[in-house]
Amino acid sequence: MIAEETLVNQLQRAETQASAFGVLVDTYKERLYWHIRRIVLNHDDTDDILQNTFIKVYKNISNFKGDSKLYSWMYRIATNEALSFLKNKSRMMGVGDSELQDRLVANLKADVYFEGEEIQLKLQRAIATLPEKQKLVFNMKYFQELKYEEISEILETSVGGLKASYHLATKKIEAYLKEQKEYL
């Protein structure tokens, strides 16, 4: 695997940019795909947002200063793209954020790319009830196994705040799943 500093250098030079961008896409496409997918819950939307993310990365790589890690910068772009997409989608559908999340989770079962079982659907329903920040933190920590320091760089939030958000998110998810179990 190519060193990040070398890759950034190659991305910022016209003569090596195209080949370096291919390496960048190959290196990060799967991780970014799953990061976006956990936010928007739909394969086709995820593909579109992933493509938009890489377009933004390509157009703005010359502005990357190296203040954070390259993948943190790309995750931030992907996160913003996914959240903007959801806001636009809820506005176009004329529904609130929570209703949109309910619809997205309901559509998971029909999504041919969703391979989860009933318990994963319940977990997704529980995650959908979380506030946006807790949802992001939970997904990055639980599914992507990112360190708090990495999440802090991506979301530009303190590590202490992230730990609190993750703790609250897990408690809310536990309560939701326990409540659902009692109704069965």
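Predicted model: local features only at pLDDT ≥ 70, side-chain atom pairs only at ≥ 80, totals over all residues.
How do the residues of the lining of the second largest pocket divide into nonpolar, polar and charged?

Residues are numbered from 1 along each chain as its sequence is written, and side-chain values use heavy atoms, with hydrogens and water left out.

Select Leu11, Leu24, Leu32, Leu70, Trp73, Met74 and Leu155, the residues with the most contacts inside the largest nonpolar core, which has 52 residues. Such a core is a set of buried Ala, Val, Leu, Ile, Met, Phe, Trp, Tyr and Cys residues joined through side-chain atoms within 4.5 Å, where buried means under 20% relative accessible area with a 1.4 Å probe, protein chains only. Next, colour helix α4 (residues 70-93), which gives the most to this core, with 10 residues. Domain 1 (1-115) and domain 2 (116-184) both contribute residues, so the core lies between them.

Now move to the second largest pocket and select Asp97, Gln101, Leu130, Glu132 and Lys135, which lie nearest its centre among the 17 lining residues. Colouring by domain shows that the lining draws at least three residues from each of domain 1 (1-115) and domain 2 (116-184). Colouring by residue class answers the opening question: eight nonpolar, four polar and five charged.

Technical notes: Buried < 20%, exposed > 50% of the residue type's maximum accessible area, 1.4 Å probe, protein only. Helix = DSSP H or I, 4+ residues; strand = E, 2+ residues; numbered from the N terminus. Domains from an automatic or database assignment. 1 Å grid on protein atoms, 1.4 Å probe; cavity = no way out; pocket = protein on both sides within 12 Å on 5 of 7 lines; lining within 4 Å. Nonpolar A, V, L, I, M, F, W, Y, C, P; charged D, E, K, R; others polar.
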